[in-house]
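Hi,

Here is the structure I promised to pass on. Please have a look at it first, and then read my notes below.

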Amino acid sequence: MSLHMKAPDLARQLVDVGRGFYSRGWVMGTSGNFSAVLATRPLRLLITPSAAHKGRLSVRDLLQVDGDGRTVGRSAGKPSAETRLHLEIVKARGAGAVLHTHSVWSTILSERHRDRGGLTIEGLEMLKGLDGVTTHDHQEWVPILANDQDMGRLSSRLRGTLAGHSAAHAILLSGHGLYTWGRTVAEAERHIEILEFLFEVIGTRER
Ligand SMILES: [Zn+2]
């Protein structure tokens, strides 16, 4: 399928994700960002623009970037400031979509568990919603990275964390939010829903 044929469909899926996540309170203000892979050779990513309200996106707002994060084609609008993080995840995991939310529970847990470098989720049925997990008897380690406004530094730390935790389905940035991914937009969306559920369970239990 050509890049042009895939773009409107993937753009529509990301717009729908934005509406759904906004209604759940996971991307308030202009927070969060989403991407989907249009092509792999060369890499082309469809990504939400910087400072866009994710509950009110339109298909036309989405931008295409190359493997270095440079805008391809239409140059109106600026790709998300966190584009480099999306590219690191796509390259490390072969993901087809990357979704990033700023929820209340991911913010709280990422601060509370920051000194341990991550948090373990175990023993819960909802873990089976993560790709490849077939039993509640599973330990999911979610690494937590210190937040950083320097995207070069943060993306290289992210690269190291992804390499060091090859089984991880997600990464938290402390005091900031959640990154997860999937082969498709639907799988990445499912991972966000599962993880946000699990974070709320753990956060409520720890109080
Ligand atoms: Zn963010």
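Which residue caps the N-terminal end of α4? Asp150 does, with a side-chain oxygen 3.0 Å from the backbone nitrogen of Gly152.

Before going further, a word on how to read these notes: this is a predicted model, in which local features need pLDDT of at least 70 and side-chain atom pairs count only at pLDDT 80 or more, while totals for chains, interfaces and linings use all residues. Residues are numbered from 1 along each chain as its sequence is written, and side-chain values use heavy atoms, with hydrogens and water left out.

**Helix α4**

Helices (H or I, at least four residues) and strands (E, at least two) are DSSP runs, numbered from the N terminus. Helix α4 covers residues 151-164, which makes 14 residues. From its first C-alpha to its last α4 reaches 20 Å, close to the 20 Å expected at 1.5 Å a residue (the expected span is 1.5 Å times one less than the number of residues).

I call a residue buried under 20% relative accessible area, exposed over 50% and partly exposed in between (1.4 Å probe, protein chains only). In α4 the buried residues are Met151, Leu154, Ser155, Leu158, Thr161 and Leu162. They cover an arc of only 120° around the axis, so they sit on the same side of α4; the arc is that of the directions from the helix axis to the C-beta atoms. As a reminder, an α-helix has 3.6 residues a turn, so residues three or four places apart point the same way. Ala163 and Gly164 are exposed, on the face of α4 turned away from its buried side. The packing partners of the buried residues of α4 are α2 (83-93), β7 (139-145), β8 (170-173) and β9 (177-182), where contact means heavy atoms within 4.5 Å.

**The zinc site**

Which residues hold the zinc ion as protein donors? They are Glu82 (OE), His100 (NE2), His102 (NE2) and His176 (NE2), lying 2.1 to 2.5 Å from the ion. Donors here are N, O and S atoms within 2.8 Å of the metal (3.2 Å for Na, K and Ca); water is not among the atoms, so sites may look incomplete. The angles among the four donor atoms run from 92 to 149°, and the site is irregular. Four donors count as tetrahedral if all angles lie between 85 and 135 degrees; four count as square planar and six as octahedral if opposite donors are over 155 degrees apart and all others between 65 and 115; anything else is irregular.

Along the chain the donors follow the spacing E-x17-H-x1-H-x73-H. Distant parts of the chain are linked by the pair of Glu82, in the loop between β4 (71-72) and α2, and His102, in the loop between β5 and α3 (104-112), 20 residues apart. Glu82 is buried, at 10% relative accessible area, whereas His102 is partly exposed, at 25%.

His100 belongs to strand β5 (residues 97-101) and is buried, with a relative accessible area of 0%. Its side chain makes polar contacts of 3.1 Å with the side chain of Glu82 and of 3.1 Å with that of His102. A polar contact is a pair of N or O atoms within 3.5 Å; within protein, one must be able to donate a hydrogen and the other to accept it, and residues adjacent in sequence count only if both atoms are side-chain atoms. Leaving aside residues up to four places away in sequence, His100 touches, among others, Val27, Phe34, His86, His176 and Tyr179.

**Backbone details**

Most residues other than glycine have a negative phi, and most peptide bonds are trans.

- The peptide bond from Arg41 to Pro42 is cis, with omega near 0°; Pro42 lies in the loop between β1 (33-40) and β2 (43-47).
- Ala51 is not a glycine, yet its phi is positive, about 65°. Ala51 sits in the loop between β2 and β3 and is exposed, at 60% relative accessibility.
- Gly94, which follows α2, has a positive phi near 65°.

Best wishes
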